[in-house]
Amino acid sequence: MPKVGLIGLGVMGYRIGINLAKAGLLEVVYNRTIDKAKQFSNEFNIPYVENPAELAKRSDIIITMLSDDSAVSSVVLTILDVIKGKVLVDMSTISPTVSIDLAKKVSDRGGVMFDAPVIGTSVMLESKKAVILVGGPSEKFNEIKDVLYAISNTVVYFGENGMGLYAKLVNNLLLGVYVAALGEAYNFGIKAGLKKEQVAKVLMELSSARSPTSELKLPKIVSEDYTTQFATKHMRKDLEIIERESQKLRAVIPLAVSSLQFYKIAEALGYSEQDFASVAEVFKRLSPR
Ligand SMILES: NC(=O)c1ccc[n+]([C@@H]2O[C@H](COP(=O)([O-])OP(=O)(O)OC[C@H]3O[C@@H](n4cnc5c(N)ncnc54)[C@H](OP(=O)(O)O)[C@@H]3O)[C@@H](O)[C@H]2O)c1
């Protein structure tokens with residue numbers, strides 16, 4: 001059995017750690033804020049280390065679940081000296097261009113890297129119902145398959161490095177636009193004089209455009225309880241990645257670009273750390289009373 005080390009015990013990383021520990025695969029953990037690593041270690045009896053290079057030395061497979069490009073880049077650069085013969089699986093949602101560049105650096109030093117971002121919330125990870133989208137060398141995919149299936153029940157291989165991330169961004173482009181549109185439609189209904197429950201019924205039960213996302217996010221919009229499932233700052237980050245990639249790909253993305261502006265305004269209103277369904281507040285506050 002490969003020894004797995006996990007870097008990043010945030011909302012998602014913590015749950016990934018739990019699934020790996022339950023499967024008996026987790027050897028060691030690291031988190032920048034050491035208290036979270038100590039907490040995990042106490043809870044699941046898994047040792048923690050105080051730097052990523054130490055973790056990499058003790059692991060065959062290194063999993064990272066971090067916030068963004070700069071977090072992943074800084075961690076990967078600190079483990080390059082010990083990456084030879086190891087497999088790095090980055091599950092963060094970052095720029096495919098940055099990820100492809102890091103994969104080349106890892107490969108130049110004798111290691112292998114995969115991008116393996118996740119569709120789904122922390123709750124879906126807990127029940128292993130999240131989806132893992134994989135990009136990287138097909139001939140090495142078998143080496144990480146069992147570990148990924150220990151994390152979630154659906155694992156889909158999309159192609160070479162970066163392709164898992166592009167697949168994830170396809171999802172988040174639609175998700176970002178869709179939840180902004182939910183906020184706009186909800187506010188339109190309220191302004192028309194419909195009751196909250198009536199608008200929610202249309203969007204969650206009667207609409208031909210209803211979806212698992214309307215079921216998940218409408219209750220938050222109605223109750224104005226934006227307890228975080230997926231933070232506004234992360235959705236803003238993903239739409240910014242899409243915006244940058246679209247220039248390289250020459251893809252026209254007017255809906256994603258305009259939705260991005262609403263998430264930026266939500267952050268300016270103080271909702272950066274809260275759930276991205278808080279984008280609905282922008283429509284309420286921008287509409288004249
Ligand atoms: N939450 C979701 O529902 C969800 C769903 C799908 C995908 N994702 C993606 O998964 C990734 C993680 O999301 P999350 O919700 O777990 O985020 P999170 O709770 O904010 O956790 C971020 C993790 O990254 C670490 N980190 C940040 N900057 C760092 C740096 N410079 N060096 C080292 N470590 C650093 C944090 O360490 P500290 O504890 O020290 O801050 C923490 O462990 C993101 O790319 C997100 O877009 C999230």
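Reader: Where is Asn 45 found, between which two helices?

Author: Asn 45 is found in the loop between helix H2 (34–44) and helix H3 (52–57). Helices here are DSSP runs of H or I with at least four residues, strands are runs of E with at least two, and both are numbered from the N terminus. This is a predicted model, in which local features need pLDDT of at least 70 and side-chain atom pairs count only at pLDDT 80 or more, while totals for chains, interfaces and linings use all residues. Residues are numbered from 1 along each chain as its sequence is written.

Reader: What is the phi of Asn 45, and is the residue buried or exposed?

Author: Although Asn 45 is not a glycine, its phi is positive, about 60°. For burial, count the other C-beta atoms within 10 Å of the residue's own, with C-beta atoms placed from the backbone: 20 or more means buried, 12 or fewer exposed, and in between partly exposed. Asn 45 has 8 such atoms, so it is exposed.

Reader: Which loop holds Lys 128?

Author: Lys 128 sits in the loop between helix H6 (122–126) and strand E7 (131–135). Lys 128 is not a glycine either, and has a positive phi of about 60°. With 16 other C-beta atoms within 10 Å, Lys 128 is partly exposed.

Reader: Let's step back to the whole chain. How many helices and strands does the protein have?

Author: The secondary structure comes to 13 helices and eight strands. The radius of gyration, taken over C-alpha atoms, can be set beside a globule rule of 2.2 Å times the number of residues to the power 0.38. Here the radius of gyration is 20 Å, close to the 19 Å that the rule gives for 289 residues, so the protein is as compact as a globular protein of that length. The C-alpha trace spans about 65 × 45 × 30 Å along its principal axes, and 45% of the 289 residues count as buried.

Reader: What share of the contacts comes from residues 24 or more positions apart?

Author: Two residues are in contact if their C-beta atoms, placed from the backbone, lie within 7 Å. Among contacts with a separation of 6 or more, residues 24 or more positions apart account for 64%.

Reader: Which residues touch the most other members of the largest nonpolar core?

Author: In soluble globular proteins, nonpolar side chains tend to be buried together. A nonpolar core is a set of buried Ala, Val, Leu, Ile, Met, Phe, Trp, Tyr and Cys residues joined through C-beta atoms within 7 Å. The largest core has 85 residues, and Ile 16, Ile 63, Val 89 and Val 279 touch the most other members. Helix H8 (residues 163–191) gives the largest share of this core, 10 residues. Domain 1 (4–160) and domain 2 (167–286) both contribute residues, so the core lies between them. Domain bounds come from an automatic or database domain assignment. Beyond its neighbours within four places in sequence, Ile 63 is in contact with Val 4, Leu 6, Ile 7, Ile 16, Val 89 and Met 91.

Reader: How far apart are the centres of domain 1 and domain 2?

Author: Their C-alpha centres lie 28 Å apart. At the boundary, 11 residues of domain 1 are in contact with 11 residues of domain 2. To read such a surface by class, Ala, Val, Leu, Ile, Met, Phe, Trp, Tyr, Cys and Pro count as nonpolar, Asp, Glu, Lys and Arg as charged, and the others, Gly among them, as polar. The side of domain 1 that touches domain 2 has five nonpolar, five polar and one charged residues.

Reader: How many residues surround the ligand?

Author: A residue is near a molecule if its C-beta atom, placed from the backbone, lies within 6 Å of it. By that test 24 residues surround the ligand, and the closest are Gly 10, Met 12, Arg 32, Thr 33 and Ala 71. The shell divides into nine nonpolar, 13 polar and two charged residues. Helix H1 (11–22) and helix H4 (69–79) each supply at least two residues of the shell, and each of domain 1 and domain 2 gives at least three.

Reader: Is Leu 182 buried or exposed?

Author: Leu 182, in helix H8, is buried, with 24 other C-beta atoms within 10 Å.
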